[in-house]
Amino acid sequence: MSSLTVFALSGSLRAASTNKGLIRCAMQLAPENMKIITADIGDVPLYNEDVATAGTPEAVRRVLDAMQSADAFLFASTEYNYSMAPALKNMLDWASRVPANAVLNGKHVAIMGAGGGMGTARSQYHLRQVCVYLNLLPLNKPEVFVNAFTGSFAANGDVLDDKVKGQVRQLLEALAKQCQPC
Ligand SMILES: Cc1cc2nc3c(=O)[nH]c(=O)nc-3n(C[C@H](O)[C@H](O)[C@H](O)COP(=O)(O)O)c2cc1C
């Protein structure tokens, strides 16, 4: 298999985020030939068409460049009030305004998330709806819904639970398979 660059984004911005922990776990468990990169989106401003028209802000450009270089995506979809976290949606809004949707169009996406009792299921299904418009191609299975409050994570957000690690690894293997030429 040829080398695959996957760009990972967390909906949560906090330092000890369990969703960032899932991404770190993915980086450690990535299959051979898969490189996972990520970026801090804490300084990305809210999308404003006036600002975009005047010129792409540096904080946005930095992330878009990394996204452009990626073959596929990995989203850790934090759930806020039954939907995806605004930081992730905002970054997708910026990316969607690149001409011809070139940053996102037709790329495969793996989705996971850690949150309350439903493990971010509701946020993930909203995110899947957004993917339709963006022509991002989410994997249907496996779904990775992780409870953030039952001891699966250390205080700093690192994944402790071997079952969760196994689910992350399976998700990455499915993504690698999906990205292989048919
Ligand atoms: C504004 C806000 C809204 C939230 N809404 C939900 C929710 O709808 N469903 C849920 O499972 N958890 C919800 N939570 C709890 C988060 O899932 C929990 O804080 C989780 O740990 C956040 O992810 P993180 O550890 O990556 O920061 C909410 C938290 C915040 C701050």
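Is N101 buried, partly exposed or exposed? N101 is partly exposed, because 16 other C-beta atoms lie within 10 Å. Here a residue counts as buried if 20 or more other C-beta atoms lie within 10 Å of its own, as exposed if 12 or fewer do, and as partly exposed in between, with C-beta atoms placed from the backbone.

A word on the basis of these notes. This is a predicted model, in which local features need pLDDT of at least 70 and side-chain atom pairs count only at pLDDT 80 or more, while totals for chains, interfaces and linings use all residues. Residues are numbered from 1 along each chain as its sequence is written.

1. N101 sits in the loop between α4 and β6, and its phi is positive, about 55°, although N101 is not a glycine. Helices (H or I, at least four residues) and strands (E, at least two) are DSSP runs, numbered from the N terminus. N33 also has a positive phi, near 75°, in a residue other than glycine. You will find N33 in the loop between α1 and β2. N33 is exposed, because 10 other C-beta atoms lie within 10 Å.

2. **A cis peptide.** The bond between K141 and P142 is cis, with omega about 0°. P142 belongs to the loop between β7 (137-138) and β8.

3. **Helix α1.** This helix has 12 residues and spans 16 Å from its first C-alpha to its last, close to the 16 Å expected at 1.5 Å a residue. The expected span is 1.5 Å times one less than the number of residues in the helix. α1 is mostly covered, with nine of its 12 residues buried. The buried residues are T18, N19, K20, G21, L22, I23, R24, C25 and A26. They pack against β1, β2 (34-38), β3 (72-76), β6, β8 (144-147) and α6. Contact here means that the C-beta atoms of two residues, placed from the backbone, lie within 7 Å.

4. **The nonpolar core.** The largest nonpolar core has 50 residues, of which V6, L22 and A26 touch the most other members. Helix α6 (residues 162-179) supplies the largest share of this core, six residues. Such a core is a set of buried Ala, Val, Leu, Ile, Met, Phe, Trp, Tyr and Cys residues joined through C-beta atoms within 7 Å. Setting aside neighbours within four places in sequence, A26 is in contact with A8, I36, L74, V168 and L172.

5. **Around the ligand.** Of the 15 residues around the ligand, S12, S17, N19, G115 and G116 come nearest. α1 (18-29), β4 (79-80) and β6 (108-115) are the elements that each give two or more residues to this shell. By class, the shell has five nonpolar, eight polar and two charged residues. In this scheme Ala, Val, Leu, Ile, Met, Phe, Trp, Tyr, Cys and Pro are nonpolar, Asp, Glu, Lys and Arg are charged, and the others, Gly among them, are polar.

6. In α3 (residues 58-68), V60, V63, L64 and M67 are buried. Seen down the axis of α3, these buried residues fall within an arc of 100°, so they line one face of the helix. The arc is taken from the directions from the helix axis to the C-beta atoms. On the other side of α3, E58, R61 and D65 are exposed. The buried residues of α3 pack against β1 (4-10) and α4 (86-96).

7. **Q68.** This residue is also found in helix α3. Q68 is partly exposed, because 13 other C-beta atoms lie within 10 Å. Q68 and A95 are 27 residues apart in sequence and 9.2 Å apart in space, C-alpha to C-alpha.

8. **I111 in strand β6.** I111 lies in β6 and counts as buried, because it has 27 C-beta neighbours inside 10 Å. Leaving aside neighbours within four places in sequence, I111 is in contact with F75, S77, Q124, L127 and P138. I111 and R128 are 17 residues apart in sequence and 8.8 Å apart in space, C-alpha to C-alpha.

9. **V51 in helix α2.** V51 is placed in α2 (residues 49-54). V51 is partly exposed, because 14 other C-beta atoms lie within 10 Å. Not counting residues up to four places away in sequence, V51 touches P45 and P57.

Key: A residue is near a molecule or strand if its C-beta atom, placed from the backbone, lies within 6 Å of it.
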